[in-house]
Amino acid sequence: QEYIKDCFSNLEIEPFADDYYISNKDALISLDFDSNTNNVAAVIKGTDSSKAVYITAHLDHVNGRNNKPLSGAVDNASGIAVLLETAHRLKDITDEKPLDMDVVFVAFNAEELGLIGSQNFFNKYYTKYSQSYNINIDCVAQKNCNNLSMGNDDPNSEALYSAMKDIFDKEK
């Protein structure tokens, strides 16, 4: 959490809320869905802060799942790496020209305990934006894995979803 916070801070990306990147950083994780889960969040402000795209990934992992000792590297250090690189590139782009909406980067904790971190975050901030979209990054790469899993449940995102699927299919 501190490493991700430091990355956001070094990129000069603003904390998302409460003037601090880590929500309720002193709280312990518990299975209580109202508990604090130490999510890490930052925002690049756009020209219209009534709308946002959330780029998310989870930072926790289960060690040695399915007899794979490095499973945390795939699930989900790989997602966090993509999230941080995306933050870096978007910061460079938006320093030149702001985007039309806010871009919120969130590293969720307690995903492996039942999506607790993301539920806590969105329960708290659901009404912050009048319109929002979420791109979640999970398990980006794995050796000898030929399957790609994508999903979309929003008709408004169908054009983006189809374009991404076409590119992934073309590039195999």
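This is a predicted model: local features need pLDDT of at least 70, side-chain atom pairs count only at pLDDT 80 or more; totals for chains, interfaces and linings use all residues.
The protein chain contains four helices and five strands. Read from the N terminus, these elements follow the order α-β-β-β-α-β-α-β-α. Of the 172 residues of the chain, 35% count as buried. Among contacts in the chain with a separation of 6 or more, 73% are accounted for by residues 24 or more positions apart.

The five strands form an open sheet with the order 1-2-4-3-5 and mixed pairing. Strand 1 (14–15) and strand 5 (131–136) are the edge strands, each pairing on one side only. Strand 3 and strand 4 are paired in the parallel sense, over eight bridges. Tyr 54 has Val 104, in strand 4, as its bridge partner. In general, the strands of a sheet pair through backbone hydrogen bonds, in either a parallel or an antiparallel manner.

Helices also pack against the sheet. Helix 3 (residues 116–125) touches strand 2, strand 3 and strand 4, and its direction makes about 145° with that of strand 4. Helix 1 lies across strand 2 and strand 4 and runs at about 15° to strand 2.

The largest nonpolar core has 19 residues, of which Ile 4, Phe 8, Ile 55, Leu 83, Leu 84, Val 103 and Phe 105 touch the most other members. Two or more residues of this core are given by each of helix 1 (2–10), strand 2 (40–44), strand 3 (48–58), helix 2 (71–96) and strand 4 (101–108). Helix 2 provides the largest share, five residues. A second, separate core consists of twelve residues, including Phe 16, Ala 17, Phe 108 and Tyr 129.

The surroundings of Phe 105 can be listed in detail. Apart from neighbours within four places in sequence, Phe 105 is in contact with Phe 8, Val 40, Ala 41, Ala 42, Ile 44, Ile 55, Leu 83, Thr 86, Ala 87 and Leu 90.

Helix 4 (residues 158–171) has 14 residues, so at 1.5 Å a residue it should span 20 Å. The C-alpha atoms at its ends are 20 Å apart, which agrees with that expectation. Helix 4 is followed by Lys 172, which has a positive phi, near 55°.

How values were computed
Residues are numbered from 1 along each chain as its sequence is written. Side-chain values use heavy atoms; hydrogens and water are left out. A nonpolar core is a set of buried Ala, Val, Leu, Ile, Met, Phe, Trp, Tyr and Cys residues joined through side-chain atoms within 4.5 Å. Buried means under 20% relative accessible area, exposed over 50%, partly exposed in between (1.4 Å probe, protein chains only). Contact means heavy atoms within 4.5 Å. Two strands pair if DSSP finds at least two bridges between them. Axes are lines fitted to C-alpha atoms, for helices over the stretch in contact, and angles run from 0 to 180 degrees between N-to-C directions. The expected span of a helix is 1.5 Å times one less than its number of residues.
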